[in-house]
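Biologist: I'm new to this one. Can you put it up and walk me through it?
Modeller: Here it is.

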Amino acid sequence: MSELKLKTNAEPTIFNKEMVIGTLIAPVIGTIIGGYIGKSRMKDEMEHGKTVSENPSFWNKDTLIGGLAGNFVAYIGVKVALAAITLAALTPIPALLALAAVSAAAVGSIVVGAYIGGKAGESRLKAEYEEAKKQTIVEHIGRTTSPEIAKAVEYSMEHNKEWGKQVAEDRLLAAAQEQAR
Amino acid sequence: MAAFFVLLQMITMAVGIVTFLSFVITPGFNYN
């Protein structure tokens with residue numbers, strides 16, 4: 001499994017994903033702790049780059065955020081439902097049935113939240129790897145060949161999704177022509 | 001009723017912590 005370093009220029013801030021995670025677990029205390037953990041992560045990523053892997057995982061940070069957000073939605077939902085059940089003054093059996101339905105919906109919202117977050121995170125990780133690949137190749141060409149060619153390669157990578165195929169084809173063609181001569 | 005809501009809040013927090021820990025300890029979890 002190949003890993004690359006993605007250079008990032010995101011300014012470290014306490015308003016980050018860890019702050020969201022902390023807030024969703026324990027508002028205020030979690031918000032502060034999460035905010036600072038996230039800020040130091042961002043500082044580290046700015047200095048050393050962010051490690052990105054070739055194989056994006058569904059099981060990522062955004063899955064966790066989605067699941068926790070689902071849990072928060074469930075909390076609000078259960079609170080409203082409890083108030084409604086109390087107001088409706090249901091007899092014990094319907095009240096218990098309603099509670100069971102609400103609990104099932106609560107678990108469902110955690111699962112749905114995690115799924116949505118996980119899928120979003122998966123495509124983010126994929127995009128980050130592609131970006132890191134581009135950075136690595138362009139930097140290498142800039143160092144070994146010339147900055148102008150590196151710029152040209154960067155441009156073609158950005159504007160032509162099949163640039164790699166084109167480069168390979170051109171090389172094969174050139175090699176074939178060389179042999180024919 | 002108020003006690004119910006406090007209990008609910010504690011359950012939510014506990015579920016949040018359990019969710020967090022279960023993610024973090026699961027092999028293959030990619031924190032990035």
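Predicted model: local features only at pLDDT ≥ 70, side-chain atom pairs only at ≥ 80, totals over all residues.

Modeller: In chain A, helix α1 (residues 17-25) packs against helix α3 (residues 61-88) at an angle of about 30 degrees, and their axes are 9 Å apart.

Biologist: Is α1(A) roughly parallel or roughly antiparallel to α3(A)?
Modeller: Roughly parallel, because an angle under 35 degrees counts as that.

Biologist: And the crossing of α1(A) and α3(A), left-handed or right-handed?
Modeller: The crossing of these two helices is left-handed.

Biologist: Which residues make the contact?
Modeller: From α1(A) they are K17(A), V20(A), I21(A), L24(A) and I25(A). From α3(A) they are K61(A), L64(A), I65(A), L68(A), A69(A), N71(A) and F72(A).

Biologist: How do those divide into nonpolar, polar and charged?
Modeller: The contact of α1(A) with α3(A) has nine nonpolar residues, one polar and two charged.

Biologist: Switching to chain B. How many helices and strands does chain B have?
Modeller: Chain B has one helix and zero strands. Its C-alpha atoms fill a box of roughly 40 × 15 × 5 Å along the principal axes.

Biologist: What percentage of chain B is buried?
Modeller: Of the 32 residues in chain B, 16% are buried.

Biologist: How many residues of chain B are in contact with chain A?
Modeller: 18 residues of chain B are in contact with 22 residues of chain A.

Biologist: What sort of residues are on the side of chain B that touches chain A?
Modeller: Eleven are nonpolar and seven polar, with no charged residues on that side of chain B.

Terms used:
Residues numbered from 1 in each chain as written. Chains lettered and ligands numbered in written order. Contact = placed C-beta atoms within 7 Å. Nonpolar A, V, L, I, M, F, W, Y, C, P; charged D, E, K, R; others polar. Axes fitted to C-alpha atoms, helices over the stretch in contact; angles between N-to-C directions. Helix = DSSP H or I, 4+ residues; strand = E, 2+ residues; numbered from the N terminus. Parallel < 35°, antiparallel > 145°, perpendicular 65-115°, else oblique. Left-handed = near helix turned anticlockwise from the far one by under 90°. Buried ≥ 20, exposed ≤ 12 C-beta atoms within 10 Å, placed from the backbone.
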